[in-house]
Every structure is written in structure tokens, then in C-alpha cells.
Amino acid sequence: MMGNVNWITPEQQEAEALDVWRASTVVSRFQARAALREAGLRDQVETIIADPNTSPIIVDAWNDAQEFRRMSPTIQALAGELGLDDEAVDQLFKQAAQIEA
């Protein structure tokens, strides 16, 4: 008799692959800003950054970070302010990764 075998469904494999991709995806400052501009979101982000109620850490990250990680607190906060769901943020990062200076 065989022991317990844990089968992973294709959906579970896909979800795990997505989690790995999200955890490892990084784009440059230029790529992030260019992707936001192309998506028509750059001005909205600048408005959020200029708001005195925005966390100073988020402002510093936007102004000083040389790269942006998909799962960073800054990205999560900005996505929430912009009303973007995970799929929309994923798409922005995929687009950003294709941009070359």
C-alpha cells in the first residue's frame, strides 16, 4: 500500500507560480514610472505623493528608490490608493519589465 500522496492541482501550481513571480519581480525606477505614464496613471501617483496625508515612507520610496518590487509595501499602498487589483498591478509590472531606456 502506498503512503499518502499529495497531488497538486494545475490551479495550485499556477497559483504557486504566480506567488513566486510576484515575490521575485523587480523593475527599475525608470521602468515603473514609464509604465505608469503609458497607463495614464503617473499624474494620479504624483497627486498621491503630493498629498500631505501620504505616509512619508511612501513619499521617500517613490522619490528615492532605485527599483520597485512587486510585493513591496510601497507598491501595495499605491495600488490601493489607485484602486488597482492584483491583476492590474501584475500587468503594470509585466509592461514595465519590457521597457528599455
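What volume does the largest cavity have? The largest cavity has a volume of about 200 Å³. This is a predicted model, in which local features need pLDDT of at least 70 and side-chain atom pairs count only at pLDDT 80 or more, while totals for chains, interfaces and linings use all residues. Residues are numbered from 1 along each chain as its sequence is written, and side-chain values use heavy atoms, with hydrogens and water left out.

**View 1. The contact of helix 2 with helix 3.** The axes of helix 2 (residues 29–38) and helix 3 (residues 42–50) come within 7 Å and cross at roughly 115 degrees. Axes are lines fitted to C-alpha atoms over the stretch in contact, with angles from 0 to 180 degrees between N-to-C directions; helices are DSSP runs (H or I, at least four residues), numbered from the N terminus. Arg33, Leu36 and Arg37 of helix 2 meet Arg42, Val45 and Glu46 of helix 3, where contact means heavy atoms within 4.5 Å.

**View 2. The largest nonpolar core.** This core has 22 residues, and those with the most contacts inside it are Val45, Ile49, Trp62, Phe68 and Leu78. A nonpolar core is a set of buried Ala, Val, Leu, Ile, Met, Phe, Trp, Tyr and Cys residues joined through side-chain atoms within 4.5 Å; buried means under 20% relative accessible area (1.4 Å probe, protein chains only). Helix 2, helix 3, helix 4 (56–64), helix 5 and helix 6 each supply at least two of its residues.

**View 3. The surroundings of Phe68.** Leaving aside neighbours within four places in sequence, Phe68 is in contact with residues including Val26, Ala32, Trp62, Ile75 and Phe93.

Terms used:
On a 1 Å grid over the protein atoms alone, a cavity is a set of points where a 1.4 Å probe fits but cannot get out, and a pocket is an open set with protein on both sides within 12 Å along at least five of seven lines; lining residues have an atom within 4 Å of a point. Grid points are joined across faces, edges and corners, and a volume is the space filled by probe spheres set on the points. Buried means under 20% relative accessible area, exposed over 50%, partly exposed in between (1.4 Å probe, protein chains only).
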